[in-house]
Amino acid sequence: MTLAVAGVTKSFRGLKAVAEASFDVAEGSIVGLIGPNGAGKTTLFNVIAGVYAPDAGSVAFLGKSISGLRPDQVCAAGIGRTFQIVKPFAGLSVLDNVIVGALQRCKSVSAAKSYAEHIVAKLNLDAKRNLPASSLTLPDRKRLEVARALATRPKLLLLDEVMAGLRPTECDQMVQVFRDLNRAEGLTILLIEHVMRAVMALAQHIVVLHHGEIIARGAPEHVVRDPAVLECYLGEEAQI
Amino acid sequence: MMGFAGQLSLGHSLYVGVAAYVAGGLFFHFGIGPWAGLWLAMLACVLIGAAIGFLAFRFGISGVYFALLTIAFAEFTRIGFDHLGWTGGPGGMFLKVAQRDQTDLLHFRGPPAMYYYAMLVLAAGAFALCAWLLRSRAGYYWQAIRENEEAAQALGINTFRWKMFAMMISSAMTAVAGVFFAFYYNNLFPEQIFHISRSIEIILGPIIGGVGTLFGPVLGAAVLTVLGDSITELLAALGWEIPGVKHVFYGVVLLAVIMFLPNGIWPALARRLGVGK
C-alpha cells in the first residue's frame, strides 16, 4: 500500500474539518477524492502533506508513519503536492521554479537544470521557460505547479484541483500527461477534482467526502449513482 | 543575503560593532593582530546571528517583526557596551595609531591608499561570494523562500535551516567589514558604531540599488556615497556647512526610488541595457 490514511481527524476550534477518515491508495493507482465545497478535501491533503498534524489517527506512506512530519520531510519521503491556490515563485523564471523542485533529488544545480528542462517540456511549458512565473496565465500556473511537484520525483503525487479553470481540450491534455506518468513510470496519484470529466477519465477508485466524513467509495461509475453522493451534491429532492 | 532570503534586517550595525570591538579589543588588550582577531570576530558574529535567527525563525517571526527584533538586539547591545569597562564604555576605545607612511599589512596599518585597495579587494570578494552563492543550491532555495515560503517547504526545503544559513553568512560578511572598520578609524564608540543609522545605511544601498540582485547593492552604495559626499563637498566649497545634508539627500533618493523605481535602480537599468540581473 502506498498511502494508508487511518482514522484521521482534524478540527479547527469547534469545527471538525475531517472526521475519522480512513482510506488507502494502492501502489500505481489513481484515486479521486471528491466532495462538495467545504467537505474537508484540502484539509485532508494538508494533513497528508505535513502542513497540519492530525488530531487523531495516522498517515502511513510506504509502510512508515509520516504523521507529524514537516512538509519538507514529507516531500523528501516521496510525496509531491500542488496547491489549489497556486503558489508560484513569482519573481523567478518558469525554469528556475522547476529547478528548485528538481534540486530535491539532484546533487548539482546543472543536473537539476537538465532534469527541470525535461519536466518543463513534458508539461508544454517549453516556450515560456524563461518568462517570469508572474507573467503566466492561470492554466499555465497550474501546469507550473504540477511541473514543480513532479520535479521532486515523487512516488505519490497529490493534485489539488489542477484542472479547475482549464478548457476541455487543455483538461484532456493534462489528463493525458497524468495517464502517461501513471503508466510509464508507475506514479501513484491522489487527486482532488471538481471537473468530473477529468475524474472519470483518470480515477480507478473514488472516495467521496462530505462534512469531513467519507460517505462513499468505490469504482467511479458506482459512486456517481450512489444515493448518498447524489444527495450531498444535489439535495434530497434529486433522489429517484 | 537578506535580499535573497527575503528577511529584512535593520540591525546589522550589531555585527559591525561586535566584530570591531572583538578584533579591536583583542589588539588593544592583548596585542593580537587583526588577522587572528578577524576569525574570532566572525565566529562571535555568526554565533550571535545564529542565536537571533533561531529565536526569530523558530517562533515564526518575519517581515516587520523580524526587522524590529534585529533593531532591538542592536540597540540593547549598544546600551550594554556603554557599560562595559573592557571596551572603554561610552568614552570609547582608541587603538594605537602607527605611522601611516609605511604599509604594514600584517598589522593592518598603513596609508589610506592601502585601506582603499583592501576595501576594494574585500568588496570584490563579497561580490564574487554572492554571485557564486546565488547560482548554487543555496541561491535557489533562498529565492524560493523569499517568493513563497509555504511552496518552498512543499518542495522539500527545510526553510528554517536555510534561513539560519543566510543569517550566519550575512553576519560573517558584516563581521569582516566591522574588523576593517575598527582598524581604519582606530576609535570605537558604542554610540556611533551600534547606531541604528549605520544599520539603515547598510540596508539603504541594496534597497536603492535593487534588493535581491547582485549589482544592485554595489550600485546603490555607490550612488549614495558618491553623490552624498559630493553634495556635502560641493556645498562646503560654496561656503555652506549644513550638517545632516547627506541624510536629507538619502531621504530624497529613497523617496524618488520608491516612487519611480520600486524595484531599485539596477533592475530598471538592466532592462534598459538589455542584460540579465
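Biologist: At roughly what angle do the axes of helix H4 and helix H5 of chain A cross?
Modeller: In this predicted model, H4(A) covers residues 109-122 and H5(A) covers residues 138-151. Their axes come within 10 Å. The crossing is at roughly 140 degrees.

Biologist: Is H4(A) roughly parallel or oblique to H5(A)?
Modeller: The axes cross at roughly 140 degrees. Roughly antiparallel would need an angle over 145 degrees. That makes the relation of H4(A) to H5(A) oblique.

Biologist: Is the crossing of H4(A) and H5(A) left-handed or right-handed, and which residues of H5(A) make the contact?
Modeller: H4(A) passes H5(A) in a right-handed crossing. From H4(A), the contact takes Tyr115(A), Ala116(A), Ile119(A) and Val120(A). By class, the contact has seven nonpolar, no polar and no charged residues. The H5(A) residues are Ala147(A), Leu150(A) and Ala151(A).

Biologist: H5(A) also packs with helix H3 of chain A. Is H3(A) roughly parallel or oblique to H5(A)?
Modeller: H3(A) spans residues 94-102, and its axis lies 6 Å from that of H5(A). The angle is about 30 degrees. Angles under 35 degrees count as roughly parallel. H3(A) is therefore, relative to H5(A), roughly parallel.

Biologist: How many charged residues does the contact of H3(A) with H5(A) have, and which residue is it?
Modeller: H3(A) gives Val94(A), Asn97(A), Val98(A), Gly101(A) and Ala102(A). H5(A) gives Leu144(A), Ala147(A), Arg148(A), Ala149(A) and Ala151(A). These divide into seven nonpolar, two polar and one charged. Arg counts as charged, and the contact includes Arg148(A).

Biologist: What is the strand order in the open sheet of six strands, and which strands stand at its edges?
Modeller: The order in chain A is E6-E7-E8-E3-E9-E10, with mixed pairing. The twist averages 15 degrees from one strand to the next. Each edge strand has a single partner, so one side of each is left without a neighbour in the sheet. The edges are E6 (79-81) and E10 (213-218).

Biologist: Is the pairing of E3(A) and E9(A) parallel or antiparallel, and what is the bridge partner of Gly32(A) in E9(A)?
Modeller: E3(A) covers residues 30-34 and E9(A) covers residues 205-210. Four bridges join them in the parallel sense. The partner of Gly32(A) is Ile206(A).

Biologist: Helix H1 of chain A packs on this sheet. What angle does its direction make with that of E7(A)?
Modeller: H1(A) covers residues 41-49. It touches E3, E6, E7 (156-160), E8 (188-192) and E9 of chain A. With the direction of E7(A), its own makes about 150 degrees.

Biologist: Which strands stand at the edges of the open sheet of four strands?
Modeller: The order is E2-E1-E4-E5 in chain A, and the pairing is antiparallel. Each edge strand has a single partner, so one side of each lacks a neighbour in the sheet. The edges are E2 (15-25) and E5 (64-65).

Biologist: How many bridges join E1(A) to E2(A), and which residue of their hairpin takes a positive phi?
Modeller: E1(A), residues 3-12, runs antiparallel to E2(A) over seven bridges. Val8(A) stands opposite Ala21(A), and Lys10(A) has Val18(A) as its bridge partner. Two residues lie between the strands of the hairpin. The positive phi, near 50 degrees, belongs to Arg13(A).

Biologist: Which residue of E4(A) stands opposite Leu3(A)?
Modeller: E4(A) covers residues 56-61. E1(A) pairs with it in the antiparallel sense over five bridges. Opposite Leu3(A) stands Phe61(A).

Biologist: What is the radius of gyration of chain A?
Modeller: Chain A has nine helices and ten strands. Its C-alpha atoms fill a box of roughly 55 × 40 × 35 Å along the principal axes. The globule rule gives 18 Å for 240 residues, and the chain is close to that, so it is as compact as a globular protein of that length. The radius of gyration is 18 Å.

Biologist: Which helix gives the largest share of the side of chain B that touches chain A?
Modeller: 16 residues of chain B are in contact with 21 residues of chain A. Helices H6 (137-147) and H7 (149-154) of chain B each supply at least two residues of that side. By class, the side has six nonpolar, six polar and four charged residues. The largest share, five residues, comes from H6(B).

Technical notes
Residues numbered from 1 in each chain as written. Chains lettered and ligands numbered in written order. Predicted model: local features only at pLDDT ≥ 70, side-chain atom pairs only at ≥ 80, totals over all residues. Axes fitted to C-alpha atoms, helices over the stretch in contact; angles between N-to-C directions. Parallel < 35°, antiparallel > 145°, perpendicular 65-115°, else oblique. Left-handed = near helix turned anticlockwise from the far one by under 90°. Contact = placed C-beta atoms within 7 Å. Pairing = 2+ DSSP bridges. Rg over C-alpha atoms; globule rule 2.2 N^0.38 Å.
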